[in-house]
Amino acid sequence: MDHIVTVQDAVTAFADFMEPTDAELDAIELEMPAILADVDLLDAQIVTVDRTPTELDVRRIRRARRRLLAALATQATDVHRGGAA
């Protein structure tokens, strides 16, 4: 007799006890400013996908890129120092 195998194990493999650790949550917290800055840059770029960018669009993209670079630099400095400031 062949047994029918369910996908129950695959569905419940990540149960409540598989929550992120405190270290993982701290890493996410440290990366969040860069993640949000990256989302802002993508939003600014998406606006210009189907049209020629206006001067305002170019400024918005440039500001978003600078915010992302600043967030990445801060993140690198914080990681180099051994944690969040």
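# Close-up views of the helix packing

The model is a predicted one, in which local features need pLDDT of at least 70 and side-chain atom pairs count only at pLDDT 80 or more, while totals for chains, interfaces and linings use all residues. Residues are numbered from 1 along each chain as its sequence is written, and side-chain values use heavy atoms, with hydrogens and water left out. Ala44 belongs to helix 2, where a helix is a DSSP run of H or I with at least four residues, a strand is a run of E with at least two, and numbering starts at the N terminus. Leaving aside residues up to four places away in sequence, Ala44 touches Arg60 and Ile61, a contact being heavy atoms within 4.5 Å. Between Ala44 and Arg62 there are 9.2 Å from C-alpha to C-alpha, at a sequence separation of 18 residues.

**The whole chain, as context for the close-ups.** Three helices and zero strands make up the elements of the chain, and their order from the N terminus is α-α-α. Of the 85 residues in the chain, 15% are buried. Among contacts with a separation of 6 or more, 56% join residues 24 or more positions apart. The chain exposes about 7,200 Å², of which carbon and sulfur atoms supply 60%; the areas come from the Shrake-Rupley method with a 1.4 Å probe, and for residues only the protein chains shown count as cover.

**The largest nonpolar core.** Eight residues form this core, namely Ala34, Ala37, Leu41, Ala44, Ile61, Ala64, Leu68 and Ala71; a core of this kind is a set of buried Ala, Val, Leu, Ile, Met, Phe, Trp, Tyr and Cys residues joined through side-chain atoms within 4.5 Å. The elements that give two or more residues to it are helix 2 (22-47) and helix 3 (55-81). In soluble globular proteins, nonpolar side chains tend to be buried together. Ala71 touches Pro33, Ala34 and Ala37, when residues up to four places away in sequence are not counted.

**Helix 3 and its buried residues.** Helix 3 has 27 residues and reaches 39 Å from its first C-alpha to its last, close to the 39 Å expected at 1.5 Å a residue, the expected span being 1.5 Å times one less than the number of residues. Its buried residues are Asp57, Ile61, Ala64, Leu68, Ala71, Gln75 and Asp78, and they pack against helix 2. An α-helix has 3.6 residues a turn, so residues three or four places apart point the same way. After helix 3 comes Gly82, with a positive phi near 105°.

**The loop between helix 2 and helix 3.** Thr48 sits in this loop and is buried, its relative accessible area being 13%. Beyond residues up to four places away in sequence, Thr48 touches Pro53, Asp57 and Ile61. Asp57 also meets Arg51, side chain to side chain, in a salt bridge of 2.8 Å from N to O, the rule for such a bridge being a side-chain nitrogen of Lys or Arg within 4 Å of a carboxyl oxygen of Asp or Glu. Asp57 is buried at a relative accessible area of 9%, whereas Arg51 is partly exposed at 37%.

**A network of salt bridges in which Glu55 takes part.** By the rule used here, the count comes to three salt bridges, and a network of them links Glu55, Arg59 and Arg62. The closest N and O atoms are 3.7 Å apart in the bridge between Arg59 and Glu55 and 3.9 Å apart in the bridge between Glu55 and Arg62. Because Arg59 and Glu55 are four residues apart in helix 3, about one helical turn separates them. Glu55 is partly exposed at 47% relative accessibility, as is Arg59 at 41% and Arg62 at 37%.

Leu25, Ile28, Met32, Ile35, Leu36 and Val39 make a nonpolar surface patch of about 480 Å². Patches consist of residues with over 30% relative accessible area and no salt bridge, like charges being joined within 9 Å and nonpolar side chains (Val, Leu, Ile, Met, Phe, Trp, Tyr) within 5 Å. Ile28, one of the patch residues, lies in helix 2 and counts as partly exposed at 41% relative accessibility.

How values were computed:
Buried means under 20% relative accessible area, exposed over 50%, partly exposed in between (1.4 Å probe, protein chains only).
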